[in-house]
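Please read the following walk through a structure alongside its sequence and coordinates.

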Amino acid sequence: MQELGTTSTVQPEVLAEVYLLRDLTPGQLAAFAAACRLVTCEAQELIIREGSTGDEMYILLHGEVQVSRKLTMLAELEHDEISKTLMTMTSKEKPFFGEMGLLGQKERTASVIARMDCRLLIIGQKDFEKLCEDDPKMGVAILKRIALTAGERLLKTNKDVMKLTTALCLALED
């Protein structure tokens, strides 16, 4: 990833489009932007590796990324890895990922790869915690959006597990 420097090139109206930041005032958006780094990455570049550690959250401002998980528990052994694409995120929605790193979960649960050239905002755990200390209302607004998104993702995962369990039960009955 290539760092572009300050976030002054990110317009407040662009940040206001980010679901995570929709409840923030213009001043809070400016404070959030000041705590972030703006980076670019090339198509096919690995942004997050499943199993690695990290404490940063990413916001996709431009481009498209693919989120995937390994389908094997034998990652340490030499063999072909099989991955399952969980979702594709486009900058149209200005999505965020890696948010669990801000909340103390250091191990990454999925890999994220750029499907095209991307522009991302990155905020680290320490910078996020400082923002929350300096402006608790902003912290609550952002954490509420993170919790809502995590809940939606958990519901989808539960539905997927139920489908797989049902399919396995039906297959084993035959």
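**Cysteines, cores and a helix face**

Cys36 is buried, its relative accessible area being 7%; buried means under 20% relative accessible area, exposed over 50%, and partly exposed in between, with a 1.4 Å probe and protein chains only. Cys132 is also buried, at a relative accessible area of 19%. A search of the whole structure for disulfides, defined as pairs of cysteine sulfur atoms within 2.5 Å, finds 0.

The model is predicted, and local features need pLDDT of at least 70, side-chain atom pairs count only at pLDDT 80 or more, while totals for chains, interfaces and linings use all residues. Residues are numbered from 1 along each chain as its sequence is written, and side-chain values use heavy atoms, with hydrogens and water left out.

The protein chain has 4 helices and 9 strands. These elements are DSSP runs numbered from the N terminus: helices are H or I with at least four residues, strands are E with at least two. Along the sequence the pattern is β-α-α-β-β-β-β-β-β-β-β-α-α. Of the 174 residues of the chain, 36% count as buried. Contact means heavy atoms within 4.5 Å; among contacts between residues at least 6 apart in sequence, 79% join residues at least 24 apart.

In soluble globular proteins, nonpolar side chains tend to be buried together. A nonpolar core is taken here as a set of buried Ala, Val, Leu, Ile, Met, Phe, Trp, Tyr and Cys residues joined through side-chain atoms within 4.5 Å. The largest such core has 26 residues, and those touching the most other members are Leu20, Leu21, Phe32, Met57, Ile59, Ile123 and Ile142. Two or more residues each come from α2 (26–34), β4 (56–62), β9 (118–124), α3 (125–134) and α4 (136–173). The largest share, 4 residues, is that of α4. Leu21 shows how such a member is placed: setting aside residues up to four places away in sequence, Leu21 touches Leu15, Leu29, Phe32, Ile59 and Ile142. A second, separate core has 16 residues, including Cys41, Val67, Phe97 and Val112.

Which residues of α3 are buried? They are Gln125, Phe128, Leu131 and Cys132. Seen down the axis of α3, these buried residues fall within an arc of 125°, so they line one face of the helix; the arc is that of the directions from the helix axis to the C-beta atoms. An α-helix has 3.6 residues a turn, so residues three or four places apart point the same way. On the other side of α3, Lys126, Glu133 and Asp134 are exposed. The cover over the buried residues of α3 includes α2, β9 and α4. Gln125, at 14% relative accessibility, counts as buried. Apart from residues up to four places away in sequence, Gln125 touches Asp55, Gly101, Leu102, Leu103, Gly104 and Lys106.

Next come the rings. The whole structure contains 1 aromatic pair, where rings of Phe, Tyr and Trp (its six-membered ring) pair if their centres lie within 6.5 Å, and planes under 30 degrees apart count as stacked, over 60 as edge-to-face and the rest as tilted. The rings of Tyr58 and Phe97 have centres 5.3 Å apart and planes at 5°, so the pair is stacked. The pair links distant parts of the chain, with Tyr58 in strand β4 and Phe97 in strand β7, 39 residues apart. Tyr58 is buried, with a relative accessible area of 4%, and Phe97 counts as buried at 4% relative accessibility. Elsewhere, Arg145 lies over the face of Tyr19, at 4.4 Å from the ring centre; a charge sits over a ring if NZ of Lys or CZ of Arg is within 6 Å of the ring centre and within 35 degrees of the ring normal.

Two loop residues complete the tour. Gln44 has a positive phi of about 75° although it is not a glycine. Gln44 is found in the loop between β2 (37–41) and β3 (46–48) and is exposed, with a relative accessible area of 61%. Lys94 has a positive phi of about 50° and is likewise not a glycine; its loop runs between β6 (83–90) and β7 (96–97). Is Lys94 buried or exposed? Lys94 is buried, with a relative accessible area of 11%. Leaving aside neighbours within four places in sequence, Lys94 is in contact with Val14, Glu17, Val18, Tyr19, Ile59, Leu60 and Leu61.
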